[in-house]
Amino acid sequence: MTLPSDLQGALSRGVASRPRAESALCRLVACALAVSRLFEANDYFVDTQGNRHALSAMRWDERHRRSRRVLPERASCWDYAALIDVMSPGSGPAAVRFRGMTALSWLMQLQNAGSPDLPAASSWVQAQVELWRAYCDKRPRVPDAYFGVELSAPRMVSLLAAAVRATGLKRAGVAQWRRTVLGLAAKGIKAEELAFSGLLEGLEQYDDEQVLAVDRVLELIDVDNLQPRLVAESAHGYLSRSGWKECCERIAPPYLRALGTRRRAQNRVAIRRALIRYRHRTFGWRLIREAWLPDLVSAERHLWYVADECGRYLHDAKSAPYTSLAEAMAAAEDAMRKHFRTWYRAHPVEHWSAYVAGGGEQYRELLVQLDDWPSDYRARHFRTRNVLAHVRTSVRESCDGQRLLYLDEVQSDWHADLVAQARGEWPKNERPVHAAPFAKEWPLLVLKLMLWRAQAMGVDALAWSTFEMQKRIWGPSRVPEALYKRTLPEAAKSLSKALGLELREIPIPFHAWRYGIKSSARGWLVIDLLGNPVTRPFAGRQQAERFAELIAEKIERKVPALMLAGLPRIRQIPFYGVGRLVDWTRPG
């Protein structure tokens, strides 16, 4: 069974210690060969047909979150089997591949098929889980609230299959097929795609004199583990849209209610008062502000309490109340989500909406995830596993009235960490980073996926931010200059040439964020850059945000854009490269 962190980290240490001059593809092959040792350690099951199977817990957390399965305190082997993946040996750099099923579903499949392998497979799964019992028992019993929701995604195809057909060979010897396939690298097929396809490794299974038909050669191509998923991080919980209503109702100080009658009389202070300042519009929960003067010369002090619709407090006399309105409001909403857990719904989570130039709408944070890639990478900015790149998008309108899908930011933590590791800048106490595919083509892959999404949304163009605009947003933080000045423009030019799209600059109005908002005891304030309030408090946050947007200065910036006019419907997308227009529009 593969460990999601310990085993994978140990296997990748040998890769991280290799010389820097080694290519990314060579490191990727070395990492895959290390993972393939799983099938060399007698840690696998061989069925009656000679197929080998192994178990992996790399996707344990995500399966746990998606299924919302609550594990019992004393879980059995079969409780854990529903969260453990089955893997099979692959070929090429992807030396192992996910089977798309858990250990429990695999056993159920054997049972439904009446397979004679069922008794032995059940015993093997139980023995493997028992060997790892200490690790399994330490896993959380209740799943985390966050999980990745997969959005609709296009069909991805490999150009290698079309290139093999274009050679015109119907039947040939294995040696001739090998020379032909290697020669495709000079005809536009990427070396990484050729390595990941498993075609060369599949041909090694046959003698050089053996004759193979073209259909048999095409069956050896397998790039399913490279399939990217468009994912939006979401949370399980009840999300109330009604918000809070400001009010002013005087009650007894909360701490006095928690004391007895005699102690309450002894501790009553005339200048200590409590007011219900906010009441939830749907459930009637209350946010209570308690204020007092410690002496005649000190400033007034205050604390915040949370009470439900029946007046029951979330605190007792021994627990500490909240010191700010924002903290109390967040705690109240979290308590309501837990209280109304049967009303759970999935709603998107926005982590970085504050780092967006004003003026857009339909803001989304999209993740390009390689869920089937056999490694375990955890990004710094998100909780989803194997995030190859993330894109923050919004819908904007140009100065001439055209609607466009705008990429506020494009970033890959995975490849950035690989670069830092290659330069020797990776912290020694951090787990080594596993190599990733699309080493040089991840920006092109992002643009291809966003081009398809822009057409599906019915907008007029796909635009993206410039390096200068990123510097304005992030300030002194480091911005990948080469990505916005060279890599993305080159990828856009190749798409424009292959698909016959117009690439030009479009002026877009933005809002200069010279005003912000913050919560206070009286409500939500609109403040300037120095933190001074510019208006009276607003009852709700949305009102304050809307007012800050209205008074913000309007500026125009020219951004690069791919115009979608005349583009036929995109039916599929090549994994690597851009191909030709027919490769995008050919029916599946």
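Residue numbers start from 1 along each chain as its sequence is written, and side-chain values use heavy atoms, with hydrogens and water left out. Since you will want the confidence limits for this prediction, local features need pLDDT of at least 70 and side-chain atom pairs count only at pLDDT 80 or more, while totals for chains, interfaces and linings use all residues.

**Open and closed spaces**

Let us begin with the second largest pocket, whose volume is about 1300 Å³. Here a pocket is an open set of points on a 1 Å grid over the protein atoms alone, with protein on both sides within 12 Å along at least five of seven lines; a cavity is a set of points where a 1.4 Å probe fits but cannot get out, and lining residues have an atom within 4 Å of a point. Grid points are joined across faces, edges and corners, and a volume is the space filled by probe spheres set on the points.

The lining of this pocket counts 37 residues, and those nearest its centre are Ser412, His415, Ala416, Val419 and Pro480. Helix α16 (413-422) is among the elements that supply at least two lining residues each, as are α2 (24-35), β16 (387-397) and α19 (481-499). The largest share, seven residues, comes from α16. Helices (H or I, at least four residues) and strands (E, at least two) are DSSP runs numbered from the N terminus. Sorted by class, the pocket lining holds 19 nonpolar, eight polar and ten charged residues. In this sorting, Ala, Val, Leu, Ile, Met, Phe, Trp, Tyr, Cys and Pro are nonpolar, Asp, Glu, Lys and Arg are charged, and the others, Gly among them, are polar.

**Salt bridges**

Side chains of opposite charge can pair when their charged atoms come close. A salt bridge is counted when a side-chain nitrogen of Lys or Arg is within 4 Å of a carboxyl oxygen of Asp or Glu. A search of the whole structure finds 30 of them, including the pairs below.

| Pair | N to O distance |
|---|---|
| Glu130 and Arg133 | 2.8 Å |
| Arg312 and Asp308 | 3.0 Å |
| Asp371 and Arg385 | 3.2 Å |

Asp371 and Arg385 are 14 residues apart, and each lies in the loop between β15 and β16. Both Asp371 and Arg385 are buried, where buried means under 20% relative accessible area, exposed over 50%, and partly exposed in between (1.4 Å probe, protein chains only). Asp308 counts as buried because its relative accessibility is 9%, whereas Glu130, at 40%, is partly exposed.

Asp371 and Arg385 also belong to a network of salt bridges, whose other members include Arg59, Asp61, Glu62, Asp85 and Arg139.

**Backbone angles and a distant pair**

Which residues other than glycine have a positive phi? Gln362 is one of them, with phi near 55 degrees, and Phe438 is another, with phi of about 55 degrees. Gln362 lies in strand β15 and is partly exposed because its relative accessible area is 46%. Phe438 sits in the loop between α16 and α17; at 0% relative accessibility, Phe438 is buried.

Ser158 is found in the loop between β6 (155-157) and α8 (159-166), and its 13% relative accessible area makes Ser158 buried. The C-alpha atoms of Ser158 and Gly579 are 10.0 Å apart, although 421 residues separate the two along the chain.

**A nonpolar surface patch**

Val534 is in the loop between β21 (523-527) and α20 (541-551), and Val534 is partly exposed because its relative accessibility is 37%.
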